[in-house]
Amino acid sequence: MKTHIYSSLELPHSIVAIGAFDGVHRGHQTVIRQAVQRGRKLKIPSVVYTFDPPPRVFFQGARMLTTVDEKLAKIKKLGARHAVVARFDEIYAGRSAYEFIDCLAKLNPAEIMVGGDFRFGKDRLGDIMLLEKYFKVRVTKPVCCSEGSVISSSRIRQLISDGEIHLSNSLLGWPAGK
Ligand SMILES: Cc1cc2nc3c(=O)[nH]c(=O)nc-3n(C[C@H](O)[C@H](O)[C@H](O)COP(=O)(O)O)c2cc1C
Ligand SMILES: Nc1ncnc2c1ncn2[C@@H]1O[C@H](COP(=O)(O)OP(=O)(O)OP(=O)(O)O)[C@@H](O)[C@H]1O
C-alpha cells in the first residue's frame, strides 16, 4: 500500500509513532511496526511523525544515517499509511512541548507509540508523563542487540566511524543496500 507523505496533517483518528528514526534501525522498526499493527487491528490509519533533519544532526552535527528519502522508503516498507515530515529548523525547535501537543491533537491519535526516552519541545522539556496527560501512550520496550545493549542511532554512528560495518548493519537490521 502507498504511504502518503505530508509536512502537516489533520485526521479524524490515527495511530501515531513519533521519532527522528535516523537509520530506521531495529528499535525504530519495532516502534513503527507496533503502530502499523495497531492501526490495522483497529482499522485506523497509522502515521509516522518524523523530523528532517534529525534533531541530533541539527543540534550536534551528527552524521546522518539515512537521507529523508531513504528513511521514507523504509517507513513505506514497514507499511505506514501516512508519514508526516516536519522540517526541523531553529523556528520549529523553538516550539514548546504544548505547541507540539496541539499539533499532534490535529491527528486525533487513538494511541501514540514511542520509546521510553522520548522527549519533545523546546529544550526537550516534554516527556512521556506530559504526553500521557493528553493521549493514550504505548511505550515500546527497549530493543537490544545480542550482547544486551540498547540499539540507538548514536551507537550505530559510532560503530560506522570505528569501521564496524558488519555490526552496524546488524543493528540497523536492513539487508545491505535496502
Ligand atoms: C517542537 C519540538 C521542539 C524541539 N526542541 C528541541 C530543543 O530545543 N533541543 C533539543 O535538543 N531537541 C529538541 N527537540 C527534539 C527532541 O528532543 C527529540 O529529538 C524529538 O522529539 C524526536 O524524538 P527522538 O529523539 O526520541 O526520536 C524538539 C522536538 C520538537 C518536536
Ligand atoms: N532500541 C530502541 N528500542 C525501542 N524504542 C526505541 C529504540 N531506539 C529508539 N526508540 C524510540 O524510537 C523513537 C525514535 O528514536 P530516536 O530517533 O531518538 O532513536 P535513537 O536511536 O535513540 O537516536 P539517537 O541515538 O540519535 O538519540 C523514539 O520514540 C525512541 O524512544
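1. Ground rules. This is a predicted model, in which local features need pLDDT of at least 70 and side-chain atom pairs count only at pLDDT 80 or more, while totals for chains, interfaces and linings use all residues. Residues are numbered from 1 along each chain as its sequence is written, chains are lettered from A and ligands numbered from 1 in the order in which they are written, and side-chain values use heavy atoms, with hydrogens and water left out.

2. Two backbone details. The peptide bond from D52 to P53 is cis, with omega near -5°. K43 is not a glycine, yet has a positive phi of about 55°; K43 belongs to the loop between α1 and β3. Helices (H or I, at least four residues) and strands (E, at least two) are DSSP runs, numbered from the N terminus.

3. UniProt, in an unreviewed entry, places the feature "domain: FAD synthetase" at residues 12–154. UniProt positions follow the numbering used here, feature names are shortened, and annotations may be inferred rather than shown by experiment. Over residues 12–154 the chain is 36% helix and 20% strand, with the end C-alpha atoms 35 Å apart.

4. The shell of ligand 1. Ligand 1 is surrounded by 17 residues (a heavy atom within 4 Å), and the closest are A20, A93, R119, D123 and R124. The shell divides into 10 nonpolar, two polar and five charged residues. Here Ala, Val, Leu, Ile, Met, Phe, Trp, Tyr, Cys and Pro count as nonpolar, Asp, Glu, Lys and Arg as charged, and the others, Gly among them, as polar. Both α2 (55–60) and α4 (90–93) supply at least two residues of this shell.

5. Contacts of ligand 1. Polar contacts are pairs of N or O atoms within 3.5 Å. A backbone N or O atom of A20 is 2.7 Å from an oxygen atom of ligand 1, and a polar side-chain atom of R124 is 2.9 Å from an oxygen atom of the ligand. A polar backbone atom of G121 lies 3.1 Å from a nitrogen atom of ligand 1. Taken alone, ligand 1 exposes 600 Å², of which the protein buries 84% (Shrake-Rupley method, 1.4 Å probe).

6. The shell of ligand 2. For ligand 2, 22 residues form the surroundings, the closest being H25, H28, D117, S153 and S154. They divide into 10 nonpolar, eight polar and four charged.

7. Contacts of ligand 2. Backbone atoms feature here: a polar one of I18 is 3.2 Å from an oxygen atom of ligand 2, and a backbone N or O atom of F21 lies 2.9 Å from an oxygen atom of the ligand. A nitrogen atom of ligand 2 is 2.8 Å from a polar backbone atom of V143. Taken alone, ligand 2 exposes 600 Å², and the protein buries 89% of that. The elements giving two or more residues to its shell are α1 (26–42), β5 (109–115) and α7 (153–161).

Terms used:
Polar contact = N/O pair within 3.5 Å; in protein donor to acceptor, adjacent residues only side chain to side chain.
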